[in-house]
Amino acid sequence: MKKIIKNGKVFDGISGKIKQQDVLIIDGVIQDVGNIDISDADIEIIDASNYIVSPGFIDIHSHLREPGYEYKETIASGTRAASKGGFTTICAMPTTIPALDSKDSIDYFQDLCKQRSIIKVHPIGAVTINRKGKEIVEMQALADSGVVGFSDDGEPIHDSNIMRMSLEYSKMVSRPIMNHCDDRGINYRAEGVMNDGFLAQRLGCSGIPNAAEASMLSRDIFLTELTGGLYHACHISAAQSVDVLKIAKERGINYSAEVTPHHLTITEDFILGPDDQNREQISENAYNTFAKVFPPLRTKSDIQSLIEGINNDLISIIATDHAPHGYEDKMTTFNQAAFGISNFETTLGSVLQLFYSKDIKLEKLLKCLTSNPAEFLGKKLGKLTKGYPADIVIIDLNKEWKVDISNFVSLGKNSPLQGTKFKGKILQTFVDGEIVYFDDKGHNG
Amino acid sequence: MIADNKLNNLLDIDQLSKNDILYIFEFAEKLSSILNGPVKKVPVLRGKTVINYFSEPSTRTRVSFENAGKILSADVINVSSSGSSDEKGESFINTVQTLESIGADILIIRHSDSGAPYFVSRNIQIPVINAGDGSHAHPTQTLIDLYTIYKSIGEIEGLNLTILGDNIHSRVSRSAVLGFSTMGAKVTFCSPTTMNANYLSENDVNNYPSITYTSDLKDALSESDLIMTLRTQFERKSSLVFPNINEYTRMFKLSNESLKYAPDKAKILHPGPMNLGVEIDGYVSESDRSLINQQVMNSVAIRMALLIILIGEHTLDSI
Amino acid sequence: MAKLIIDSNDFSRMLKRISHEILERNSGPDKLILIGMHTRGVPLAERISGFIENIEGIKIPTAQLDVSFYRDDTDVKIKTDISPTIIDLNINNSNVILIDDVLFTGRSVRAAMDALMDYGRPSSIQLSVLVDRGHRELPISPDYVGKNIPTSRNEKVNVLIAEIDGKDGVEIS
């Protein structure tokens, strides 16, 4: 099978630039990138004039919910949604039933993916059995089964001993420990449900302070220094956390860190409702559970720090933390609603807002979605160059569209972005040269 | 807002302007005469169904609303539940929507989760009155408190209100800040640092009242015209915020001793129920500076006024 | 715009006549109670009581009635300046004379009767009005009328009473 993507503005993930080029694909592998003159009769020509051609996006943090929570999402619906969002590889957190904490559960999961997934999926193993934080799993066995990292995501690794031990172990198994930083002991008053601050007290809700994330991150960073282990910080949200990473970098401590599209673009004000962006009056639309997420949405100044974190290479990865939920999980009081945002399909639109506002360069955003996560995974992905798999997305940077959740492919309709106007859309997604998503509505999205 | 009939629920007191609040006072005053008559019943809300949905136990608020509805000849139904998602059977929103379909004309909701009445209100068509949600708001209590002051002192503008006690957990405190500020009073929080709503008192937010904070009882009381003591609980998780009751009472209890720091004319309020001996002494609550009894007596008239404003067809000719 | 159709002298004569009629029909002042309705029924009741005292030398007890919360016509706003219902008397087994200034649709009187029933069980209720302007919507008729004044629906009949308006009279506008 020969294909050529012609005349696109190609971001190859190597030169750091976007250049008009062609991409030649043979049997699912990239053969050549450059100005290619080819006149084979049996070649399929894909015209990408005026569009961006990028390596397919790689998401190292998402929740597929199958097995165990199929009413929230399945491997089929989740990977289809991901492909619509331009993702060609995703990593699934072990928040399943059974948890991905044993060779058997991992093998089972991989089997399901082979049958049901339309893109590449890698499992992340739990750090502790059933994510209870007490006993470490058989890490080598899980690594051999294909896990790309270890995380108890959804739960922090509270026990410092366990954290230290798993970091030591990580060197042997060559897989990073990915921590969901949240020191729950800090919330002595009640379990927090949103960012700690004026709005939380105004709404009478218990807050999760920036300090809860930064303090555990701090501990983790210095344990990483102590052990030399492989550490990854999940979903950074607080300005203070970015400062901790700055210290880590200055001390030459090796780590990686990710941030979500929502933490980069929306604030806690979304809890007041999709349209009420002011704090002057709390209307009937307040306590919007679609804006309930962990870590919580925070403030403009946190967003500013996170943007600086990306620009200064303190945070190198954008990961979705796609967390789909069922109707009843969110159709309840704010305290009782589940945490999480379904965002495979809105990620590109969200992060491009930062490009249009000139906060982050397009090349940097694409790098955070492609070659950086590929490097984290240690896999031959995320670049458009000879020998790499043809995992490719074609993006119309100028296409304007409006978020309509009823059109979501994901079973999770829990997004706070209903009605948001975005500029920039995925047109086609290829995995190993085969098309897995095609925006057939053309220019009406 | 009330004058042009735009009020269709009462979720918090910030929906009401000063004029709206005065209108409610007039209405309540008018309704008080029924409470003094021989037969405490008028047909104003005959045929209307009022449902009290209380997922937190409450005697005074619920009975007060129930009485208000019954005096007005409404059919009052009490529904209680634990309100948690662990309860077997219908979900909270399904239950509420069922009550609406069964024929409720208005729902009066008390829930331990902040924001629950907002969630309900946007998912049903009938009016909702918030009878207390989590730590967020208790608008009817504030109306009762304001009315009590209005009847006893008169003008609320310019008065200094000290809210004493567990401010961070208190929905009464939150609504009082909004309601008393709307009427022109100045608010001070007096509480231990661990019980202070620090973001609210340090605030530099535009449309939110400016609140002074002190942990010194003497300082707070010395300028107070009104002292609102909050119920301070040591049974639940909040007991972690203070070493023990003894230290609390020594520093913050309103007793005959500590009351000496306040001007003679200062009046005392308490939303109830009181923890006698903890935040307030029996001598103080029974003293002639205490308006606590009046608060209770005024509660029915205010709630009657609200019911008529929201689901009755009678309006006052003033304002 | 307003036309005076009863002046203060005729006003006084009407009230005296009504007072005599009440006494005649009830064979004297025994068991009579005068209850004034709305704003202006109250001073009217006082005056009638005064005239009866002049005639019979006996003071008939009076009381006042506010029917706001018994009304069924909701386009009428509840007045806030009226004092509340004060009936300290026992109305059981008495002949209650309900007194109002103008009888129109009859709805106020119906509401007044409901309100009275909550106060006790009178032997009879009789209705005395200064002006009957027609346009009844309920089967209510007065026992004592000052004057029948046919009006069109959108005309306004104003009874003026010295205690409230500074002078006595009846106007139409």
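What follows is a short exchange on domain and chain contacts in this predicted model.

Colleague: How far apart are the centres of domain 1 of chain A and domain 2 of chain A?

Modeller: Domain 1 of chain A is assigned as 2–52 + 391–438, and domain 2 as 56–377. Taken over C-alpha atoms, their centres are separated by 26 Å.

Colleague: Which element gives the largest share of the side of domain 1 of chain A that touches domain 2 of chain A?

Modeller: On that side, 31 residues of domain 1 are in contact with 44 residues of domain 2. Strands β15 (392–402), β16 (421–431) and β17 (434–438) of chain A each supply at least two residues there. The largest share is seven residues, and the element is β16(A).

Colleague: Now the chains. Which element gives the largest share of the side of chain B that touches chain A?

Modeller: Here 31 residues of chain B are in contact with 25 residues of chain A. Two or more residues come from each of α3 (92–102), α4 (116–121), α6 (171–182) and α7 (198–201) of chain B. The largest share is four residues, from α4(B).

Colleague: How many residues of that side of chain B are charged?

Modeller: Again, split by class. The side of chain B that touches chain A has 12 nonpolar and 12 polar residues. Its charged residues number seven.

Notes: Residues are numbered from 1 along each chain as its sequence is written. Chains are lettered from A and ligands numbered from 1 in the order in which they are written. This is a predicted model: local features need pLDDT of at least 70, side-chain atom pairs count only at pLDDT 80 or more; totals for chains, interfaces and linings use all residues. Domain bounds come from an automatic or database domain assignment. Two residues are in contact if their C-beta atoms, placed from the backbone, lie within 7 Å. Ala, Val, Leu, Ile, Met, Phe, Trp, Tyr, Cys and Pro count as nonpolar, Asp, Glu, Lys and Arg as charged, and the others, Gly among them, as polar.
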